[in-house]
Amino acid sequence: MHDKTLTQLAKALGSGELSSRELTEHYLQRIQQSGAILNSFITVTADQALERADAADQARAKGTASLLTGVPLALKDIFCTQGIKTSCGSRMLDNFDAPYDATVVEKLKTAGTVTLGKTNMDEFAMGSSNENSYYGPVKNPWDLTAVPGGSSGGSAAAVAAGLTPAALGTDTGGSIRQPAAFCGITGLKPTYGRVSRYGMIAYASSLDQAGPMARSAEDCAHLLNVMAGHDVRDSTCVARGVPDYAETLNAPLSGLKIGLPIEYFGEGLDPEVEKAVREAVSVYESLGATVRDVSLPHTHYAIPAYYVIAPAEASSNLSRFDGVRFGYRCDDPSDLIDLYKRSRAEGFGDEVQRRILIGTHTLSEGFFDAYYTKAQKVRRLIRQDFLDAFEDVDVLMGPASPTPAFDLGAKKDPVSMYLQDIYTIAVNLAGIPGISVPAGFAGGRPIGLQILGTHFAEAQLLNVAHQFQQTTDWHLQRPDFAEESA
Amino acid sequence: MQWETVIGLEVHVQLATHSKIFSGASTAFGAEPNSQACAVDLGLPGVLPVLNEQAVAMAVQFGLAVHADIPEVSVFDRKNYFYPDLPKGYQTSQMYHPIVGPGEVEIALDDDTTKRIRIHHAHLEEDAGKSLHEDFHGMTGIDLNRAGTPLLEIVSEPDMRSAKEAAAYLKAIHSIVTYLGISDGNMAEGSMRCDVNVSVRPKGQEAFGTRAEIKNVNSFRFVEKAIAFEVERQIELIEDGGKVVQETRLFDPERDETRSMRTKEEANDYRYFPCPDLLPVVLDQAYLDHLRSQLPELPAEKRERFQQALGLSAYDASVLSASRDMAEYFEAVHRVCGDAKQAANWVQGELSGALNRENLSIANSPVSANQLGELVQRVLDDTINGKAAKQVFQALWHGEGTSADAIIEAKGLKQVTDTGAIEAMIDQVIADSPAQVAQYCDAEPEKRGKMIGYFVGQVMKASRGTANPQQVNGLLKEKLDALL
């Protein structure tokens with residue numbers, strides 16, 4: 001069962017070949033058997049899942065089901081789920097049961113999906129390896145000595161290992177695309193404003209975006225159909241019609257103009273990754289696409305700009321975790337200041353504290369213009385780079401990450417970790433969509449091809465990714481781990 | 001040394017929206033603690049703000065009323081600081097691009113002149129909750145009902161030169177916001193609060209002195225008292241060779257003094273930056289034109305019209321236009337009776353006196369404007385005399401009749417102007433008062449005028465106050481002089 005894609009499972013449910021209860025029990029059993037090894041789940045909601053599965057089966061019987069009714073999913077533990085622990089990978093929220101559902105969670109519920117549980121993640125989505133979790137690191141199912149990527153590492157590992165057909169992730173600087181690449185799955189970061197952020201615990205509000213992580217682009221299309229759309233509770237969520245993303249998956253690619261940003265093929269790029277990406281591009285040429293080099297001249301400013309803007313927003317977004325109303329509170333505070341200091345020092349991990357400090361500093365009087373205002377100017381230039389490129393080409397292609405998954409514990413110095421996101425971060429600064437699709441292996445570890453489109457070009461990205469997956473089978477490869485634990 | 005006082009005010013006006021500025025929770029005052037705070041107000045993880053359009057419209061209406069520039073784009077910023085009654089750890093406010101730009105307000109001074117006070121800007125922001133320090137045995141209770149209530153902060157230029165001017169400015173703002181209906185202006189419930197910036201400088205000096213900011217002064221009277229104390233404190237300090245330090249002070253209304261709260265060095269760095277959860281507010285000309293067309297006549301325009309078109313004195317015009325309720329009451333009385341001066345006298349005299357005695361607002365007056373207008377009309381058409389009119393007013397006040405006419409009828413207060421009837425009463429009084437008549441006849445002619453008062457009193461008494469006093473006076477003089 002777990003070797004099937006979400007689309008195949010949905011069809012099997014629709015034809016009555018499978019019941020949601022069978023399917024849900026199967027995945028729950030797999031999580032129970034091998035979940036501990038990967039550490040990809042923080043919370044497993046078995047009872048609620050079975051209840052939902054039975055309700056889905058009843059809906060099928062009554063004929064009120066939609067395509068995804070009864071399909072099991074996992075949610076990154078950043079999405080608020082009513083009555084269920086929503087930890088955001090942090091000790092700060094280890095005791096927090098959200099009193100409401102995030103908009104996307106609500107939408108998925110309405111569509112009849114079944115939530116298996118909440119997946120592990122870097123604390124407050126800050127990290128590129130999933131090693132910054134209060135609940136411990138997640139392992140990469142392709143190689144248990146490797147990281148799964150981050151921050152949506154639990155979601156990526158769980159999908160790759162066949163513990164769930166699909167999962168939701170969030171992407172602030174690459175947190176869907178990079179773990180998707182590291183784990184050999186397909187992950188889409190939609191345009192900023194395409195999916196509601198309401199109920200998604202904020203890291204950097206102007207960059208955060210939720211998206212699907214699954215086995216194929218087709219799976220992602222079906223999930224995005226449910227997730228996307230305007231939400232009156234999120235002012236930054238755009239009121240713009242949602243196309244049927246599955247409908248255009250098979251549009252022919254002849255005449256597609258692909259741009260390769262020269263800055264994405266420079267120093268620091270692993271030769272095997274480069275080789276895999278160039279081979280993927282040649283597959284597109286065989287499908288009728290034309291390829292040319294383009295330039296995104298401000299690319300090298302993306303990481304510095306991101307590490308001003310994201311921590312600045314984070315330092316403010318995370319102020320509400322003060323030990324007063326919810327979340328972690330230190331023992332026996334002597335006074336208010338002691339309560340604040342110790343609750344936050346004990347409740348937040350090192351990387352979160354580091355980014356709060358950076359953000360607090362860059363917003364301080366006397367530094368604001370030099371850092372924040374300057375970074376916003378850079379952000380506009382980066383956005384313009386992409387808009388200029390999309391004048392000439394339809395999509396951009398390059399690696400999702402400079403290397404395949406690195407070893408657990410390999411990157412001790414924060415800056416070397418930050419440099420991991422060199423190809424993904426600019427995309428969030430520009431607000432455009434991006435997708436990572438499996439495109440090969442290096443030393444047994446997956447390689448991701450990143451495809452970028454202009455604002456609201458999700459349908460095109462999914463189409464372009466799907467056509468690749470019709471021609472190649474990288475996305476169908478499974479780690480031995482998934483088979484052994486079957 | 002002659003000193004000059006320089007004052008600027010920051011007035012926080014609670015806007016009368018139904019729901020909060022960024023959430024759908026109610027803004028009603030006085031509910032059980034924390035019963036009117038939703039997930040957004042509590043700052044729960046994952047929640048997002050959505051701007052209340054009504055708050056925007058109200059802020060713009062204020063801007064239009066003070067002839068301010070309304071920028072096309074305004075932006076919300078986050079003001080970051082930690083405090084238990086600030087749930088998100090930041091207040092959403094407008095630091096760099098406020099919704100209302102520079103404007104001005106005209107204030108009326110005691111000497112019947114006016115002065116223009118410039119407004120630097122006005123911005124929208126959310127209120128914080130309340131910390132309750134009593135009843136929690138050494139702990140602090142937090143009530144977040146008020147958190148997220150929309151505030152318009154109106155910042156003046158340092159244009160006021162006395163406590164009286166500051167109070168007049170505050171009253172002008174109060175009357176504008178209540179005229180517009182964008183706030184209930186209830187200072188006791190905190191709907192209007194004010195921070196006062198005060199400095200002194202030697203008269204003639206151009207540079208400002210160092211200012212102190214007095215926080216949270218919440219009545220017109222306290223504003224005057226706080227400034228008076230602060231000015232004296234600063235002058236004394238300087239004259240004793242000291243220096244005023246820039247600081248935040250608190251006014252203690254029990255002792256009529258201000259006390260230091262924190263100095264500039266202890267001030268927070270609020271780390272303002274644009275709120276990424278809210279889009280910039282973009283207002284087009286059509287929207288402004290629409291709101292402008294909905295504006296009511298404002299206090300300054302009314303005051304002007306009351307003087308020019310109705311011929312009221314500057315003082316009367318100013319008193320009667322101070323509140324929208326008062327002005328509308330006066331205008332209704334005037335419409336019914338047709339005499340502005342009489343209407344003004346009655347509203348400011350009899351009616352205001354009665355309202356003050358019973359501590360009632362004009363909106364809750366037991367005598368309606370229509371009733372008062374009819375009463376004044378009866379005085380003007382000589383149906384009753386002034387004395388009877390006061391009786392009728394009292395009867396209306398106590399609900400003894402539904403209209404002036406009904407009461408006049410019931411109490412028989414209709415003025416007697418029938419000469420024959422009055423002459424009969426006069427003859428009777430003269431016949432009943434032989435001694436007084438003899439005295440009158442014996443008196444020096446110039447003293448007789450005074451003595452006639454006795455006879456007038458007797459006749460009025462006999463008529464139970466209904467005789468026309470001028471008529472009585474004239475006829476009596478004729479009849480008594482005929483006896484000489």
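Which residue of β4(B) is the bridge partner of D77(B)? In this predicted model, where local features need pLDDT of at least 70, side-chain atom pairs count only at pLDDT 80 or more, and totals for chains, interfaces and linings use all residues, residues are numbered from 1 along each chain as its sequence is written. Chains are lettered from A and ligands numbered from 1 in the order in which they are written, and side-chain values use heavy atoms, with hydrogens and water left out.

The partner of D77(B) is S93(B). Strand β3 (residues 77-80) of chain B is joined to β4(B) by four bridges, and the two run antiparallel. Strands (E, at least two residues) and helices (H or I, at least four) are DSSP runs numbered from the N terminus; two strands pair if DSSP finds at least two bridges between them. An open sheet of three strands in chain B has the order β4-β3-β14, with antiparallel pairing. Because β4 (90-93) and β14 (273-274) of chain B each have a single partner strand, they stand at the edges, and one side of each lacks a neighbour in the sheet. Helix α9 (residues 302-317) of chain A packs on this sheet and touches β3, β4 and β14 of chain B, contact meaning heavy atoms within 4.5 Å.

Within chain B, the axes of helix α7 (residues 314-321) and helix α9 (residues 340-357) come within 11 Å and cross at roughly 60°; axes are lines fitted to C-alpha atoms, for helices over the stretch in contact, and angles run from 0 to 180 degrees between N-to-C directions. The contact involves Y315(B), D316(B), V319(B) and L320(B) of α7(B), and K341(B), A344(B), V347(B) and Q348(B) of α9(B).
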